[in-house]
Amino acid sequence: MRSKFLPALILALSLALPALAQPPAATVLWYRQPAKDWNEALPVGNGRLGAMLFGRPDSELMQLNESTLWTGGPANPDPNPAAPTYLPEVRRLLFAGDNSAASKLMRQMQGPNTNAYQPLGDLLLRQPLTGAVSNYRRDLDISTATATTRFTANGVTYTREVFVTAPDQVIVIRLTASKKKALSFSLSLRNPLASKLAAGGRELVLRGKARTSLVENQEAKPVVYQDDRGCNGMRYQIRLKVARTDGRVTTADSILRVAGASEALLLVSGATSFNGFDKCPDKDGKDETKEAQRWLAGAEKYSFAQLRARHVADYQSYFNRVRLTLAGDTPPDLPTDERLTRYKAGQPDLALEELYFQFGRYLLLGSSRPGGPAANLQGIWNQLTQPPWRSNYTTNINLQMNYWPAEAANLAELQEPLRTQIAHMATTGTATARTYYRAAGWAAHHNSDIWASTNPVGEGVGDPKWANWSLGSPWLSQHLFDHYRFTQDKTYLRQEAYPLLKGAAEFCLDWLVEHDGYLVTAPSTSPENSYRLPNGREEVVTIASTMDMSIIRDLFTNVLEADSVLGTDAAFAARVRAARARLYPFHIGKKGNLQEWYGDFEDVDPQHRHVSQLFGLHPGRQISPLTTPALAAAARQTLVVRGDAGTGWSKAWKINFWARLLDGDHAYKMYQELLKNSTLHNLFDTHPPFQIDGNFGATAGLTEMLLQSHLADVHLLPALPAAWATGAVQGLVARGGFVVDMTWHDGRLVTARLTSRAGAPCVLRTSGPVQVSPAAAKTTTETANGTTYYLTSFPTKLGASYEVVAQ
């Protein structure tokens, strides 16, 4: 008995020592060679400034970004005045069964495409070297958010350390040599956008301007940097300064040179004229020179050691909240790319699985901080003036997936930029709902950008299966209510969340129409997918797609629960309740799958990357093996038909689906599939190309495997895979405001600790009986999904911790 429980005891002891750090190797990506291209470079960022580091010894490239640098300017509130005149005919055609004609006509309801996220520029560091380079290593330590490149040439070891500090808002670069006066290098800046470079004293300054709009075909349309109104066309600036060095600094031909140094401290500041989603970035923009100078002057006051200490303290106040330890997780002493290659060949690497989970948290910390824009399709890292999908906000899953891990992975503050973006979109979306549909509330469609555009995109030629999708506002509103569920903050619910929830519901109430006794959406799509009619004709538009109805049902439920807390809007709640009861219901198809379309039609692509009909399973809460077993079985069959392949983000979504189906082994299979087949050497997710949402979706999926709270209880270890039979986790967060630590052994819970942030009552769901102290707990049992569950209920006090021990 003693030997059997000894491993669990060790884990329990480690859980009781939160100061115990993870082994350094468990949080480090490292390589034996420089990056051969951008997809192998290492990302660093502070939510506003970002850099991709190539690690080249003699010609280093640091590609830079600033999160507010986009093309264009404020959204046009009424870009297609004729749009609402087409809606009645579109609906008539759909109800008459002429979907193709309806789809064609819907192109007349489209508007301009979004603007695009832009690169800030490149920092080029050239270092003349004598002799061959040896002992090369570049790494990224995600426990300190610091990247290091180290190599030896001609008997001298050179080290470059880089981090992006949030407290001081600059990129910090320290260069050192192991021998005095052995360090010499030059610095320059460039950008493919319009720019001018100047040098003076110890400083380089690159000034430039973004384009007034996105030009997708530069041969057909000229690139424009100035509009007649002086509105569009954002200004930007980079300032690079040699803050400290014992070498000699000179400038010539817009190049900074440092010679005969032992070390040098470089500071990079960047800023734009962005002054808000509704302000012209040119005539009404901020003074980007003052902004860049302000950050640079503030950082110069500190030594490298002080800058680093301030940076690490800030970063670790977030990162160190969560720790995951799996038994047998000792990482091999191999570079990350070699480990990934071995993993793809079937070699187990639990430490790599842990690293990938934490890397998602690292990327969110690097791309989304309070006060800044939301993380886009590439977080904040983009080197192209015409990036894939404009590196925008795609709201039919991708933007939402970026923030799935924020609450449960204990990074709730990092969701503030998303909530701000939603508030901005509600402003522009109110105009969109009115001018496009003559509807109340606010609407959002397939794409958005920093200007919070909400109109249907496509410019009259986009395929309606993506361009005209209209339910962005209710899906985004889910994040608002979920933040309340995690925090129990009634003031936030009343003042911030509920007005936006209500606005989205008002739009949905006006958007719904009656058909055959139900309320349905018309037109309706299942994002980016298409179906085949019995006569063989391919269609993309329907009425009442399962995704549409699931999203609206989710929103209405959230509105009603919010009203049950606030008790201030009974008349509107009654209206919503009545409408919810009349929504077109789920249907199970002839294959046993959850029907995606209004009819039980065949998919054109049965393995399509989107699995939108399962919104009610995840991220919704309408389908669960615990509450709706028949629908859960249909959801499972849907996933079987869809298969395990797909893009990176699609596999990430499937991790979450299988976890919600309480199938830990299949969820783990998808986690492995993502790592093996959709992960670049720098651990970026690839669609292809790179899309950051897959990283975030995978991190969220792992939390779902260990902890679920979307239903009425806190479910401990709901989908634990056999491969993670023994382990421990600290710092995950459950709805109700509970921070959860757990240890488990041989697939069974051993101990847990819950810390109550809100003083809410708690209901634990476990697969075996538990004892809770200090609390007066009551336990009942229920059988669901073929398993007997123990439901343990107890009151909590704000700030108190409760120990849970398996019996």
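1. First, a word on naming: helices (H or I, at least four residues) and strands (E, at least two) are DSSP runs, numbered from the N terminus. Pro774 sits in the loop between strand E31 (770-773) and strand E32 (778-784), and the peptide bond joining Ser773 and Pro774 is cis, with omega about -5 degrees. Another cis bond runs from Ala522 to Pro523, with omega near 5 degrees. Pro523 is in the loop between strand E21 (518-521) and strand E22 (531-532).

2. Some ground rules. This is a predicted model, where local features need pLDDT of at least 70 and side-chain atom pairs count only at pLDDT 80 or more, while totals for chains, interfaces and linings use all residues. Residues are numbered from 1 along each chain as its sequence is written, and side-chain values use heavy atoms, with hydrogens and water left out.

3. Have a look at helix H12 (residues 472-487) and helix H13 (residues 490-511), which pack at an angle of about 160 degrees with their axes 9 Å apart. Axes here are lines fitted to C-alpha atoms, for helices over the stretch in contact, and angles run from 0 to 180 degrees between N-to-C directions. H12 and H13 are therefore roughly antiparallel (under 35 degrees counts as roughly parallel, over 145 as roughly antiparallel, 65 to 115 as roughly perpendicular and the rest as oblique). H12 passes H13 in a left-handed crossing, meaning the near helix is turned anticlockwise from the far one by less than a right angle; clockwise would be right-handed.

4. Who touches whom there? On the H12 side, the contact (heavy atoms within 4.5 Å) includes Leu480, Phe481 and Tyr484, and on the H13 side Leu493, Leu500 and Phe507 are among the residues involved. By class, the H12 contact with H13 has 12 nonpolar, three polar and one charged residues. In that scheme Ala, Val, Leu, Ile, Met, Phe, Trp, Tyr, Cys and Pro count as nonpolar, Asp, Glu, Lys and Arg as charged, and the others, Gly among them, as polar.

5. H12 also packs on helix H14 (residues 546-566), at an angle of about 35 degrees and with the axes 9 Å apart. The crossing of H12 and H14 is left-handed too. Trp475, Gln478 and Phe481 are among the H12 residues that meet H14, whose side includes Ile551, Leu555 and Glu561.

6. Asn447, in strand E19 (residues 447-448), is buried, with a relative accessible area of 5% (buried is under 20%, exposed over 50%, partly exposed in between; 1.4 Å probe, protein chains only). Its side chain makes a polar contact of 3.3 Å with that of Thr394. A polar contact is a pair of N or O atoms within 3.5 Å; within protein, one must be able to donate a hydrogen and the other to accept it, and residues adjacent in sequence count only if both atoms are side-chain atoms.

7. Lys209 in strand E12 (residues 203-209) is buried as well, at 14%. The Lys209 side chain reaches the backbone oxygen of Gly233 at 2.9 Å.

8. Asp337 belongs to helix H6 (residues 336-344) and counts as buried at 10% relative accessibility. Its side chain makes a polar contact with that of Gln33 (2.9 Å).

9. Worth a check on screen: Asn135 has a positive phi of about 55 degrees although it is not a glycine, and at 63% relative accessibility it counts as exposed. Arg390 also has a positive phi, about 65 degrees, but counts as buried at 12%.
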